[in-house]
Each structure stands twice: as C-alpha cells, then as structure tokens.
Amino acid sequence: MQVRLASRAGFCFGVKRAIKLAEETVRERDGPVYCLGPLIHNPQVMQKLAAEGVQEIDRVEKAAPGGKLIIRSHGVGPGVLDTARDRNLKVVDATCPFVGRAQSLARELASGGTPVVIVGDKRHPEVQGIVDWTGGQAVVVDGPEEARRLPVVEKMAVLAQTTQPLANFQAVVDVLQEKAGQLQVYNTICHATGARQQAALELAREVDVMVVVGGAASANTRKLAALCRQSGKPAYQVETARELDPVWFKGVKVAGLTAGASTPDWIIEEVERRMKELGEMTQLEDNMKENVIA
Ligand code: F3S
C-alpha cells in the first residue's frame, strides 16, 4: 500500500511560532510559566510542554504574581492583558500575527464608530478575543442566516475568524451588502487553513482512504476530516498511530494522510510509518488467503 502525505499538513506558522516561544520561555525561566488555556489542541504536545514546566491555567487570576504568562495563538482581549499587568505577570505574547491583524482592525473600526460584524464561532476564544478589542461592540454571525437578522444600518465593517471557510464569509458579505449603505470588507482569513484544506481535498480525490491526524478537540482537524469525506472517500480522524485500525486499509492501494494545524511532525511520521506497516500486513494476509484458496 502506498501512503501519500498532503502537500500541506500539520503545524501552521502561528502554532510553530507559539510552541517555539513557549519552549524558549521555559528554557529561560526564572519563575513559574503559565499558559492561559491549552497552547494548542494537541494532548501529546501539551503533555510534553507540561513535563517541561508549562502550567496550564483557565484564568489569569490563578497565576502567581511575578510569573510568565504565555498567550496562545488565538489571542486574548485587552481585559486579560490588563489583569496580567495588574498581577505583575510578564506576558509572552504568542498571538498569531494573522489574529493580531484582525484584532487591530476590529479595535480601530470600533473606536472610529463603525459597527463591526465578525463571521465566526462566538464560542471560539479567538472570536471572543476580537470582540473584546471592540469593547464588546462587535456582533458575531456564523453564516448568512444569522446575518439576515441584522438591522439595516448606514455603514458597517465585516471581518472573519481566521479559520473561516471563504465561501461562508463571502455568503455573509453578500447578505450584508443589502444591510449597509456602506460596507467595508476585510478578509482576515488565514491562508494556511485554506491551503491545507485544499491540499487535503485534492489528495482525498486521488486515494482510496484518508487518515486525518490531530487532537479530537481541534476544530480545524475535524473540519479537514469532514472535507475529505465530502470527496466521497472514507476519512478517519486519529490522535496517534495507536488508533489506526487495520480494517481501514483492507484492499487499499493508495492511502492519503493529512494533519491539522496543531499536529507536530513526529506524530505525523509515526502515523505514516504505522500505516505502511498495516498496509503490508493486510497485503500479506490477502496473499495467504489467495494461496489457501488456490
Ligand atoms: Fe495563525 Fe493561521 Fe495558524 S491564523 S495560528 S497561521 S491557522
């Protein structure tokens, strides 16, 4: 069985940068190091960072004064940064620059009096952070249906959660054109996500089965698996090589492999190796059966 890896898979620029900053911070630490929420949605990487000394906390108030606080790639609102400063914490800002751009745009627009609409998931920390930069003024819509419920206004600006599918953003923009006399459109979608999704879809069309590696809680990994299934091919999501089931590769000639933005190379390589082993095993079993029948 041949195993083909998608041309774009695994860590994106923002996640790589966040992990590098976290590793540098623990290496040079002179006190406790905290991360507000999981740095990335990958339990294996989080365990490794915890072993190196990064403590995950869910509220800034839990950090001991004088410690270092790593802000993950999703970013946070100004309220969190103020609390950190008040508690005498040293902030290590690993906010992805693409998220940072969306935050600055939202802040500038809101402070200039322009109502802001964000296309995204209101429960996602990245979106909550961007909303906070507008002083809570921005409205979040998940798609064109919600956008239709917005009132008609003179002017409005729209931007997107960085991981939004372009088609959904465009559909909302089309609706808002009718809602605002003057609509300012800022496409803040990150290219890393789109490129990875495109590469996964192209590969899924060319193979018999797809394996998608990534944390079970990782939204972008789940999205990749859903996209692969849309190609009509079976697609299985796993966190590690141990979850691979030999049954998936029965009679398979070519299997595809891709990974979410929070999956490190070493896990992808482990899965790739195991897929090849399982492919050889199922091939051997088939050969033996044929020989017995003959
Ligand atoms: Fe940044 Fe895009 Fe990754 S926004 S964190 S490079 S998916």
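Against which elements do the buried residues of α5 pack? They pack against α3 (78-86), α4, β6 (116-119) and β7 (139-141). The model is a predicted one, in which local features need pLDDT of at least 70, side-chain atom pairs count only at pLDDT 80 or more, and totals for chains, interfaces and linings use all residues. Residues are numbered from 1 along each chain as its sequence is written.

**Overall layout**

The protein chain has 10 helices and 12 strands; these are DSSP runs, with helices being H or I of at least four residues and strands E of at least two, numbered from the N terminus. Its C-alpha atoms fill a box of roughly 80 × 55 × 25 Å along the principal axes. Of the 294 residues, 41% are buried. A residue is buried if 20 or more other C-beta atoms lie within 10 Å of its own, exposed if 12 or fewer, and partly exposed in between, with C-beta atoms placed from the backbone. Among contacts between residues at least 6 apart in sequence, 74% join residues at least 24 apart; a contact requires C-beta atoms, placed from the backbone, within 7 Å.

The domain bounds below come from an automatic or database domain assignment.

| Domain | Residues |
|---|---|
| domain 1 | 2-9 + 192-293 |
| domain 2 | 13-95 |
| domain 3 | 98-189 |

The centres of domain 1 and domain 2, taken over C-alpha atoms, are separated by 32 Å. In their interface, 11 residues of domain 1 are in contact with eight residues of domain 2. On the domain 1 side, five of these residues are nonpolar, five polar and one charged. Here Ala, Val, Leu, Ile, Met, Phe, Trp, Tyr, Cys and Pro count as nonpolar, Asp, Glu, Lys and Arg as charged, and the others, Gly among them, as polar.

**Ligand shell**

Around the ligand there are 14 residues, of which C12, G14, C96, T162 and C190 come nearest; a residue is near if its C-beta atom, placed from the backbone, lies within 6 Å. Two or more residues of the shell are given by each of α1 (13-27), α4 (97-111) and α8 (191-206). The largest share, three residues, comes from α1. By class the shell holds nine nonpolar, five polar and no charged residues.

F13 also lies in helix α1. F13 counts as partly exposed because it has 15 C-beta neighbours inside 10 Å. Its C-alpha atom is 10.0 Å from that of S73, 60 residues apart along the chain.

**Helix packing**

α8 packs with helix α9 (residues 219-230) at an angle of about 35 degrees, their axes 9 Å apart. Axes are lines fitted to C-alpha atoms, for helices over the stretch in contact, and angles run from 0 to 180 degrees between N-to-C directions. The contact is made by T193, R196, Q197, A200, L201 and A204 of α8 and by N220, L224, L227 and C228 of α9. Six of the contact residues are nonpolar, three polar and one charged.

Helix α5 (residues 125-133) is mostly covered, with seven of its nine residues buried: E126, V127, G129, I130, V131, D132 and W133.

**Backbone features**

Just after α5, G135 takes a positive phi of about 70 degrees. N88, a residue other than glycine, also has a positive phi, near 60 degrees. Most residues other than glycine have a negative phi. N88 is found in the loop between α3 and β5 (90-93), and counts as exposed because 11 C-beta neighbours lie inside 10 Å.

Technical notes. Contact = placed C-beta atoms within 7 Å.
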